[in-house]
Amino acid sequence: MHRLLLETTHRTAPPPTAPWVSMQTWNDLLFAHWKYPLDKLRKLVPVELEIDLFDGEAYVGVVPFWMSGVRGRFMPPIPGVHTFPELNVRTYVRVNGIPGVYFFSLDAASRLAVWGARLTYHLPYFFAEMAVHSVGEKVHYKSRRLEPPGPAEFRGLYWPTGAAKQERSALESFLSERYCLYTVHRGRTYRAYIHHLPWPLQPADAELATLTVAQAQGLELPKEKPLLHFSRRLEVLVWPIQRV
């Protein structure tokens, strides 16, 4: 058993009994969340998925980070695919009572990762020109999609403003503690589980200069400042995708 699986009581659904197939580490991650009108969101999410709400409100997130240590089980990291930036646009859904994430788009700087995720997980991955670097606590992040739909860009600066905390609000748990993704492919619903320890969330601030990556997927983000959280590092196990 992997050491991460020694702690599972925080999960919203039990981990699969089948073996996990890959692992990865997420670094310098920003959660930027906005409330979003449910009627508009419903038009963009497949009808097979129930939109998950918090106090009657739907949320959309933009999440930049970079991956490292991406590898299959019992395999070494593969050159060209084990470390790269990723940027996703997402919302929150349920299927059969199990909460998860629905991705409108995922931009990545690895062509091999984009191709592999499209083929095996039926996810809307896109190849992008991306750059990430840190100066002190601040993370400078740039992404520009190189294939349609576009323009789809993210350019900004973000940083933590406080220490990670063990206790979190109900809303913070709703937005972050999700242990599977959902996708709909050719009218069929699929789920892929993940596992990690509870998020080490920190309060954050950001300067978001360019944010057209959501607009490219039909999402007009509200003008108000988003709810922001930061996480420095998180190890993740991934299971294969299965039809629900």
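The legends below describe close-up views of a predicted model.

**View 1**
S176 belongs to helix α3, which covers residues 170-176. With a relative accessible area of 4%, S176 is buried, because the cut-off for a buried residue is under 20%. The side chain of S176 comes to 2.7 Å from the backbone oxygen of E172. When neighbours within four places in sequence are set aside, the residues in contact with S176 are F31, R168, W199 and L201.

**View 2**
Strand β8 is formed by residues 153-160 and is mostly covered, with six of its eight residues buried. Strand β7, made of residues 138-145, pairs with β8 in the antiparallel sense over six bridges, and within this pairing R144 has E153 of β8 as its bridge partner. Strand β8 is also joined to strand β11 (residues 202-211), again in the antiparallel sense, by seven bridges. Two of the positions that can be followed here are F154, whose bridge partner in β11 is L211, and P160, which stands opposite A204 in β11. In a regular strand, the side chains alternate between the two faces of the sheet.

**View 1. The step from β11 to β12.**
Strand β11, already seen beside β8, is joined to β12 by two bridges, and these two strands run antiparallel. In this pairing P203 stands opposite H229 in β12. P203 is also one of the residues touched by A163, the others being L201 and Q202, when residues up to four places away in sequence are not counted.

**View 2. Ala163 in the loop between β8 and α3.**
A163 is found in the loop that lies between β8 and α3. The relative accessible area of A163 is 61%, so this residue is exposed, the cut-off being over 50%. A163 and H185 are separated by 22 residues in sequence, and their C-alpha atoms are 40 Å apart in space.

Helix α2 (residues 111-121) contains L119, which counts as exposed at 51% relative accessibility. By contrast, A113, V114, G116, A117 and Y121 of α2 are buried. The buried residues of this helix pack against strands that include β4 (84-95), β5 (98-108) and β6 (125-135), and also against β9 (180-185), β10 (188-195) and β12 (227-238). The residue that follows α2 is H122, which has a positive phi near 55°.

**View 3. A nonpolar surface patch that includes Leu119.**
M75, I78, L112, W115 and L119 together make a nonpolar surface patch of about 520 Å².

**View 4. The salt bridge between Asp52 and Arg178.**
The side chains of D52 and R178 meet in a salt bridge, with N and O 2.8 Å apart. D52 lies in the loop between β2 (50-51) and β3 (58-72), whereas R178 lies in the loop between α3 and β9, so this pair ties together parts that are 126 residues apart in sequence. Both D52 and R178 are buried.

**View 5. The salt bridge between Asp107 and Arg145.**
D107 forms a salt bridge with R145, and their closest N and O atoms are 2.8 Å apart. Because D107 lies in strand β5 and R145 in strand β7, the pair ties together parts that are 38 residues apart in sequence. D107 is buried, and R145 is buried as well.

**View 6. The salt bridge between Glu147 and Arg118.**
The side chains of E147 and R118 meet in a salt bridge with an N to O distance of 2.8 Å. E147 lies in the loop between β7 and β8 and R118 in helix α2, so the pair ties together parts that are 29 residues apart in sequence. E147 counts as partly exposed at 23% relative accessibility, and R118 is likewise partly exposed, with a relative accessible area of 36%.

**View 7. A salt-bridge network of Asp28, Glu137 and Arg232.**
D28, E137 and R232 are linked in a network of salt bridges. Across the model, the count of salt bridges comes to 11. Side chains of opposite charge can pair when their charged atoms come close.

Conventions
Residues are numbered from 1 along each chain as its sequence is written. This is a predicted model: local features need pLDDT of at least 70, side-chain atom pairs count only at pLDDT 80 or more; totals for chains, interfaces and linings use all residues. Side-chain values use heavy atoms; hydrogens and water are left out. Helices (H or I, at least four residues) and strands (E, at least two) are DSSP runs, numbered from the N terminus. Buried means under 20% relative accessible area, exposed over 50%, partly exposed in between (1.4 Å probe, protein chains only). A polar contact is a pair of N or O atoms within 3.5 Å; within protein, one must be able to donate a hydrogen and the other to accept it, and residues adjacent in sequence count only if both atoms are side-chain atoms. Contact means heavy atoms within 4.5 Å. Two strands pair if DSSP finds at least two bridges between them. Patches are made of residues with over 30% relative accessible area and no salt bridge: like charges are joined within 9 Å, nonpolar side chains (Val, Leu, Ile, Met, Phe, Trp, Tyr) within 5 Å. Accessible areas come from the Shrake-Rupley method with a 1.4 Å probe; for residues, only the protein chains shown count as cover. A salt bridge is a side-chain nitrogen of Lys or Arg within 4 Å of a carboxyl oxygen of Asp or Glu.
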